[in-house]
Amino acid sequence: MNVFGATVKLRAMGPDDAEALWRWNHDPEVMRWMDDGYAQPLERVRTWLTERPRNDYGDVLFGIETLAEQRLIGLVRLRDAEPETGCAELDIYIGEKDCWGKGFGTDAVRTVCRYGFDKMRLHKVSLTVAAGNVGGLRAYAKVGFVEEGRLRSVFRRDGRWHDKIAMGLLDGELR
């Protein structure tokens, strides 16, 4: 199933996307404000995409494609969704740096949240973002996310500790 926004299409990811995902995950600029974990070889990424369970209510992973070029530029995910609470966590990044600052991330966030509220019947979408991730903060605010709290000094990058900001979006607040 594909989900369409104004400038992006969200679609399921598969083994053919492994090289792009591997490249993004090994790019320090792309991973700057992400919890990047440990580097994985390309074959491990391909295996993960092959063996990953199908998208279901608890975990939905989409590739982000531009509508104009049909080019894969990033990924977005709603995870840890629980029908009992109607809440899910949002993860996103744009891996293709030439697509930064062009509104694709904002459109992908808006589109996946609309999907979450309309199709999954979520009540709330939450996320955390490093306080230094100005572009991410701007995109989330445009869509309607509001700051709900601050986790002090929980993210380390370049030898410095940074805060993370907890944000939330309730059904009916999507802009």
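Tutor: Strands here are DSSP runs of E with at least two residues, and helices are runs of H or I with at least four; both are numbered from the N terminus. The model is a predicted one. Lys9 lies in strand β2. Is Lys9 buried or exposed? The cut-off for buried is under 20% relative accessible area. Lys9 is at 17%, so it counts as buried. Leave out residues up to four places away in sequence, and Lys9 touches Asn2, Val3, Phe4, Gly63, Ile64, Glu65 and Leu67.

Next along the chain is Leu10. Leaving aside neighbours within four places in sequence, Leu10 is in contact with Met1, Asn2, Val3, Phe62, Gly63, Ile64, Val76, Ala108, Thr111 and Val112. Leu10 also belongs to the largest nonpolar core, which has 33 residues. Which members touch the most others there? They are Leu10, Ile64, Leu90, Tyr140 and Phe145.

At least two residues each come from β2 (8-12), β3 (59-66), β4 (72-82), β5 (87-94), α3 (104-118), β6 (124-130), α4 (134-143) and β8 (160-170). The largest share, 7 residues, is from α3.

Now take α4, one of the contributors. Its buried residues are Gly136, Ala139, Tyr140 and Val143. Why do they sit on the same side of α4? Because they cover an arc of only 95° around the axis. Their cover includes β5, α3, β6 and β8. Gly144 follows α4, and its phi is positive, near 120°.

Step back to the whole chain. There are 4 helices and 8 strands. From the N terminus the order is β-β-α-α-β-β-β-α-β-α-β-β. The radius of gyration is 16 Å, close to the 16 Å that the globule rule gives for 175 residues, so the chain is as compact as a globular protein of that length. The C-alpha trace spans about 40 × 40 × 30 Å along its principal axes. Of the 175 residues, 45% count as buried. Take contacts with a separation of 6 or more: 62% of them join residues 24 or more positions apart. The accessible surface comes to about 9,700 Å², and carbon and sulfur atoms hold 49% of it.

Conventions. Residues numbered from 1 in each chain as written. Predicted model: local features only at pLDDT ≥ 70, side-chain atom pairs only at ≥ 80, totals over all residues. Heavy atoms only, no water. Core = buried A, V, L, I, M, F, W, Y, C linked by side-chain atoms within 4.5 Å. Buried < 20%, exposed > 50% of the residue type's maximum accessible area, 1.4 Å probe, protein only. Contact = heavy atoms within 4.5 Å. Arc of directions from axis to C-beta. Rg over C-alpha atoms; globule rule 2.2 N^0.38 Å. Areas by Shrake-Rupley, 256 points an atom, 1.4 Å probe, with all protein chains shown as cover.
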